[in-house]
Amino acid sequence: MNFPFYIAKRYAFTKNKSKAINFIAAIASVGIIVSALAMFIVLSVFSGLRNFSLSFVNDLDPDLKLYSEKGKSFQVLPSDLVALKESNLFMAIAPVVEDRLLFSYKEKQTVALIKGVDKDFNLVSDFNQKVEYGYWFEPGSHDAVVGFGIPVLFSMSLFDTANPFEAISIKPGMGVIENPQNAFVRKTILPIGVYVTQHEEIDNKYVFVDIDLARELLSIPSDHVTNLEFKLRPGVSKSQANQSIEAIFSVPMVLKDKAQLNDGLYRMLNTENLVVYLIFVLVVIMALFTLVGALIMIILEKQPNIKTLYDIGVPGKDLKKIFLYQGMIISSIGGVIGVLLGIIFVLLQKQFHFIMIRVDMPYPVEMDVFNIFIVLVSIFILGFLASFLASSRVNKSYLTRK
């Protein structure tokens, strides 16, 4: 067995003569355990919150979304859709027409995104499964499904035929408008369903209507769309889909996946996770200061023993390694215990939901192997630096002091 490691193990697992040193060493060990436990739990909570936040976009956004690089809309011929389907890369393809419009109800107004879709849209997105009040509209109708925030804002009820719910857009064209009323396209639509995602931004965002109605409102030709949405077959990559799409459309196109469609959300979540991690690294560093103090006191107490080893020929670098290894043993064991306690806590929360956000929603946590890895590596590296700092006290003056 490595001699410095053997001595370090003896020092780590045996009590010192001084009760004060034993007490400080115990505080250091508990501090490492608690800081590792806290870091793992918080990272697991943020992993749960991340997955909870991304569950909205993962369920509701398509796998891929195709835009025209120039202009709001582009032409899609029936033969183009047939060619895309025959590529066997896509489970479903949904043409979509969408843009921001003004909506009016009982002298109240708001701006929302009208989204004209056909029957294939429900194959690429789960919005129809989020309808909690009413039901999804039939193709070819003037019905609409709105986000929960819109009827709340308007105090609007479903199936209200007495009070018109209007979508208003500006007519394209040039020249002077003599009558302001002729400058707008107005369509009365009937809200028959309300979708609820529990995500405020999404619940305030969309008004779903039939695609042909959206084309009329936006003055878009019947063979044009603003984007195509795709659901990929299992195992198909974005690059494979992009090659197939480029072979069909000659005009410059932009293809985005879920992460690119929500790059702001992903950046925010990643930044929050990094900031939380750095905060808890600071907590671990503060806990390791106690370890440094305990090791220095042990070094001072063990001076006669270390000097004896030095006198019989043990190199100074090996004597320094004794306390380096001792600190590493204490910090590593503390880190492992803290992570194990954290794993138990996370598993209990996932199973029994003893911490709740509200009555029907437990606080989300996620068991992630990467979090285990990052906590243990952080404790190991910081523990090494703290132990190296303390073991540097074993120098020539220490070994020759009488």
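**Pocket lining and helix packing**

H2 gives the most to the lining of the largest pocket, with four residues (helices are DSSP runs of H or I with at least four residues, strands runs of E with at least two, numbered from the N terminus). The model is a predicted one, with local features needing pLDDT of at least 70 and side-chain atom pairs counting only at pLDDT 80 or more, while totals for chains, interfaces and linings use all residues. Residues are numbered from 1 along each chain as its sequence is written, and side-chain values use heavy atoms, with hydrogens and water left out.

In all, 22 residues line this largest pocket, and Val57, Asp61, Lys205, Leu261 and Asn262 lie nearest its centre. Two or more lining residues come from each of helix H2 (19-60), strand S1 (64-68), helix H6 (200-203) and helix H10 (263-301). A pocket here is an open set of points on a 1 Å grid over the protein atoms alone, where a 1.4 Å probe fits, with protein on both sides within 12 Å along at least five of seven lines; lining residues have an atom within 4 Å of a point. The lining splits into 11 nonpolar, four polar and seven charged residues (Ala, Val, Leu, Ile, Met, Phe, Trp, Tyr, Cys and Pro count as nonpolar, Asp, Glu, Lys and Arg as charged, and the others, Gly among them, as polar).

H2 also packs against other helices. The axes of H2 and H12 come within 7 Å and cross at roughly 40° (axes are lines fitted to C-alpha atoms over the stretch in contact, and angles run from 0 to 180 degrees between N-to-C directions). That makes H2 oblique to H12, since angles under 35 degrees count as roughly parallel, over 145 as roughly antiparallel, 65 to 115 as roughly perpendicular and the rest as oblique. On the H2 side, the contact (heavy atoms within 4.5 Å) includes Ile32, Ala36, Phe40 and Ser44. By class, 13 nonpolar, seven polar and no charged residues take part in the contact of H2 with H12.

With helix H13 (residues 369-391), the axis of H2 comes within 10 Å and crosses at roughly 150°, which makes H2 roughly antiparallel to H13. Among the H13 residues in this contact are Ile372, Val375 and Ile379. The contact of H2 with H13 has nine nonpolar, three polar and no charged residues.

Helix H1 (residues 3-13) packs on helix H12 (residues 316-352) at about 50°, with the axes 8 Å apart, so H1 and H12 are oblique to each other. Here the contact of H1 with H12 has 12 nonpolar, one polar and three charged residues.
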